[in-house]
Amino acid sequence: MPLRLDIQRRLTARSERVKSVDLHPTEPWMVLSLYTGTVVIWNHETQAIIKSFELCDLPVRVAMFVARKHWIITGADDMQIRVFNYNTLDRVFMFEAHCDYIRCVAVHPTQPFVLTSSDDMLIKLWDWDRKWTCCQVFEGHVHYVMQVVFNPKDNNQFASASLDRTIKVWQLGSKCPNFTLEGHEKGVNCIDYYNGGDKPYLISGADDNLVKIWDYQNKTCVQTLESHVQNVTCVCFHPELPVILTGSEDGTVRVWHSNTYRLENTLNYGMERVWCICGLSGSNNIALGYDEGSIIIKLGQEEPAMSMDSSGKIMWARHSEMQQANLKTLGESEIQDGEKLPLGAKDMGSCEIYPQTIQHSPNGRFVAVCGDGEYIIYTAMALRNKSFGFAQEFVWAHDSSQYATRKGNSVVKIFKNFKEKTTFNPDFGADGIFGGFLLGVTSTSGLAFYDWESSSLIRRVEILPKHMFWSDSGELVCIATEESFFVLRYLAERVSAGQESKETLTEDGIEDAFEVLDEVQEIVKTGLWVGDCFIYTSSVNRLNYYVGGEIITIAHLDRTMYLLGYIPKDDRLYLGDKELNIISYSLLLSVLEYETAVMRKDFTTADRVLPTIPMEQRTRVAHFLEKQGFRQQALAVSPNLEHKFELALQLGELRMAHELALEAESEHKWKQLAEVASTKGQFSLAQECLHQAQDYGGLLLLATASGSADMIGKLAEGAEKDGKTNVAFLTYFMQGRTDKCLELLIKTDRLPEAAFLARTYMPSQVSRVVKLWKENMSKANQKAADALADPDQYSNLFPGLQQALLAEQFLKETHVGVRPAAEYPIVVSNEDRDVLEDSKGFITKGKITEPGVSDTNQEAVGCMNESPAASSEVIIMEEPIPIKHEPPAYPVLVTEDIISFPEEAPLSVFASKDHAEPHQAQSECRVKGENMKSETLLIAEEHLIQKPCTEVPAKDSEAIQSSPVEVVGSSDEVADQGRASAAEAQPAIAVSEEEERQTANDVPISTDLKANSGIASESAAFEETSSPDQEETDTISMVAIAKEETPIAKQLVEELVSSEPTELSLLDVPSATGQAFSDLILDSALDSDEDASAALKPVAVWEDEQEQEEKTAEPPAETEDGSEVGSLPEAEPEGSHGTAEATVAEQEAGSERSQDPTEDLEEIINHEDLDNLDLDSFELEDIDKLDMNLLDE
């Protein structure tokens, strides 16, 4: 039978005439020497030239690798030997070796010797360790010496071929040849030694077109090969296969069987004459050199012929010699994964055929050798011949008593107990057969499964397999193809039922015979089953095993390895390579049993096996359980903290994850746990985790999302302490603490940013920051520092600075602390606010801080402008005042000192600090927004700006009550008051005690203000005044008018008063302000136990219709100790006088503004007796003077 050879072309390299080729033993390189004098190095894997250099102008007839020295040795027709380093291409040495063309160079396999042959008929030996000294010259040939070759079995012996028609065998150290072989009729061109140890053969090729095989021990020619039609130029024994290759000038390469000398194949690639052939030990690659280039071909398969039985006995074939090794000889020695095992090989004898495959029977008693178209079955112990026959393939059944053979492409024979049982011809042919639980026959149409007993078709599938592997149970089978592998389950019960009923039988067999479990996109080289786990080596040199849809990598291999078997008692997996080296890897049987039990859902067995699994392997088991969906079991099994933490997060076991995070102390774990806790709504845990992780960004997100002002405050302090300046700056800025932001920028030397922040939010600090900036910049560039303008020195370069300072003071005094989130819809965003516009007409409690005023001066000014009773600060809160008729644009801001009112008194006074007498309470109410000005306690700023001395409209006038009200001046007055001293800011006009007593007799109301009332007191007072009675409102309004009008009007009002009860349960103000406060809804959480009392104290006021548009006045109010509170509309010069008439006139104007636009009130005001008002008490000169002062300011 012909030898089964697979011939593949690996590389085709076109070039000039190739005189020699050589293959590198370890790198995928091929070196060529060309007739043009060039040397080229190819990478036959990438099929690219990696190096090329021109040696000389004459032909280079030989180039060889010396791998142990990283050299290339070349010989050319210029008679020079050149040595190059093939990594750097540096020339190591060069010398003239002969006096004629150099034909061949041979390198000693172990010694530093090189043989050269030449047309000068000499052979010379060179020693490179002695600086390329010529050690010996061999003379004897009488013509050109074409080739010299060292004997691989005896390195001190070499042979030479010459055109004198002889072959001479020489010994190193001897000048004369050992013997001469003669037989060719023409010159001998080439020779080669047989590499195997069983035959002392030498092959030669000559110009007589013949190839002769010599026995150099008997000195006889044993065979002559006749096929070529022209000169034979090169011959080669294949280093691995039983193959002889010969090349000729006829352009063909012929492949001969080295045992039978039968011509197996003829290769003709159409590249003209063949000049050289080179093989490489340990490889199936062959390099060929032609006139037009070079080719690399691969012969046969690289998988070695070796097999291992279940007891650990390994048998392999080294050429035709059978050898055996036993793993038991290793004893108790420690075995390292991936290390070569020190096994001693035992020679079992020579095989009559060249083994291409070796297979142990399932029980290990027999071993089958197949090759050369024959098979032989030996006993495994003594290698005795048990059976033989002709076959191209041989396979064992799952039962050792049965096997099958394939003869040709159409006949399959089944044997039982070494006797032929059945012969059948598959319908679609037989290109290959596979053993196992079923007999597999492959053809061009697919794969067919046959029953071993009946030879009946079980199932045909359209797949072209390369390998097939059955599990020991016969339930699972892996079919490997060119691109992937399939895992199928064999359903024996359905097959039996189908065979009995014959209902499901089709031309393709039983449809339900197999169930496809999985397809994996990996190429399987070799494989085997252990339980339900399929272990295999892949095309990318990985050792993996597949179980339950999961692929687990055991090891990464550094070269191609082939699986031999698994020894359960050793828990080790054994592999071999093409050089017959054996290595091992650990793979615990308990792990495989556990995973097999889980796949079969046999959890009882799995629980029983689990304790036998070592702790270091349980992580792998836990990962397997996780992949199968058993996460809870994986959490219980896994000893790895990282894995347990991940599983705890996936299962929502946050308490366990928290404990693991505490143990691990990993910032990444805390962040992961915080994220999961946030998604599950456990914000306290999330906060703790973020704190542990020092994740200030996450804490900021959590604090802002939860609306926790306390958390934001603590975060700001912690971030600043830990140097997280970005987060600290942002949290301070969110709190409105721009002073902290400024100091943070200064502290971190971000002075330019600090200057611009101060210019935008704190203009009073601009000068201080600019000074620091200039000082810092002067160290680097004095000129640039001088270019910075300080507003203290160049105020003209800062337009609008005064307005900005006023706005800063306005924002400072109306600053809001914490506001409930429910107020978000009514709070106007900063983008829609105009702070400069809002601050117009605002009267500060203290002097406006100038940019150049130091902190000490600021404190002094503050002390002069504030009374001792108002020194303590109160928490600033803001309450929205919804208006019934017109929605407010801004909520009302209640500033630092809150006024408390008695239960039976209406809201009366909001006095500013600047106009408070000593021991008097300070309070103020400001309204933000343009639409609120007509219905709140603020003076209409638009009218004050446009007409600072004209009449205040009636709508605004109604916003001021007939009781003492804070007077807000124009922007000019505010600027003047900011510059005024404490003495100048004292009230200039007051009402005498007698007048107070006289007015108190009309309406028994007293004023009682508390200095430091709480937020709850304010809420109580607001609730008291939130439900006005219309009749009471009208009564109070008329009382106020009666104090100022004619006796007729006064009498009319007193009659109205007398018709009402003397003790009123609640007095309210007939104004839009009272109405606004009546609609105020306060948070009950802000209530306090402290009650406050305040009452209106009406004062007699005279009205002058011509002057009421010019002035506003604020009557005094009494505090608890009886002291009076005076208010000053604007700061007057020291020479200004304050008479009682002026006071009455100002009070008259204030009373006029507080009138309610009701019909009853209009009737009283429009009464005909009002035309007879006495205007003698008014001094117009004083009013004009006041107006002039306002205009001057």
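Start by selecting glutamate 550, which is buried at a relative accessible area of 8% (buried means under 20% relative accessible area, exposed over 50%, and partly exposed in between, using a 1.4 Å probe and protein chains only). You are looking at a predicted model, where local features need pLDDT of at least 70, side-chain atom pairs count only at pLDDT 80 or more, and totals for chains, interfaces and linings use all residues. Residues are numbered from 1 along each chain as its sequence is written, and side-chain values use heavy atoms, with hydrogens and water left out.

Glutamate 550 and lysine 627 form a salt bridge, with their closest N and O atoms 3.8 Å apart (a salt bridge is a side-chain nitrogen of Lys or Arg within 4 Å of a carboxyl oxygen of Asp or Glu). This pair links distant parts of the chain, 77 residues apart: glutamate 550 sits in strand β54 (residues 550–556) and lysine 627 in helix α4 (residues 615–627). Helices (H or I, at least four residues) and strands (E, at least two) are DSSP runs, numbered from the N terminus.

Next, select arginine 559 and aspartate 558. Their salt bridge has its closest N and O atoms 3.1 Å apart. Arginine 559 is partly exposed, with a relative accessible area of 28%, while aspartate 558 is exposed, at 66%.

Then go to aspartate 77 and arginine 61, whose salt bridge brings the closest N and O atoms to 2.6 Å. Aspartate 77 is in the loop between β7 (71–76) and β8 (80–85) and arginine 61 is in strand β6 (residues 60–66), so the pair ties together parts that are 16 residues apart in sequence. Both aspartate 77 and arginine 61 are buried. In total, the structure holds 24 salt bridges.

For the last stop, pick asparagine 284, in the loop between β26 (274–279) and β27 (285–290). Is asparagine 284 buried or exposed? With 4% relative accessibility, asparagine 284 counts as buried. Show its side chain and you will find that it reaches the backbone oxygen of leucine 299 at 3.0 Å. Beyond its neighbours within four places in sequence, asparagine 284 is in contact (heavy atoms within 4.5 Å) with residues including His238, Glu240, Leu241 and Ile297. Leu299 is also in contact with asparagine 284, so keep it displayed as you look around.

Notes: Polar contact = N/O pair within 3.5 Å; in protein donor to acceptor, adjacent residues only side chain to side chain.
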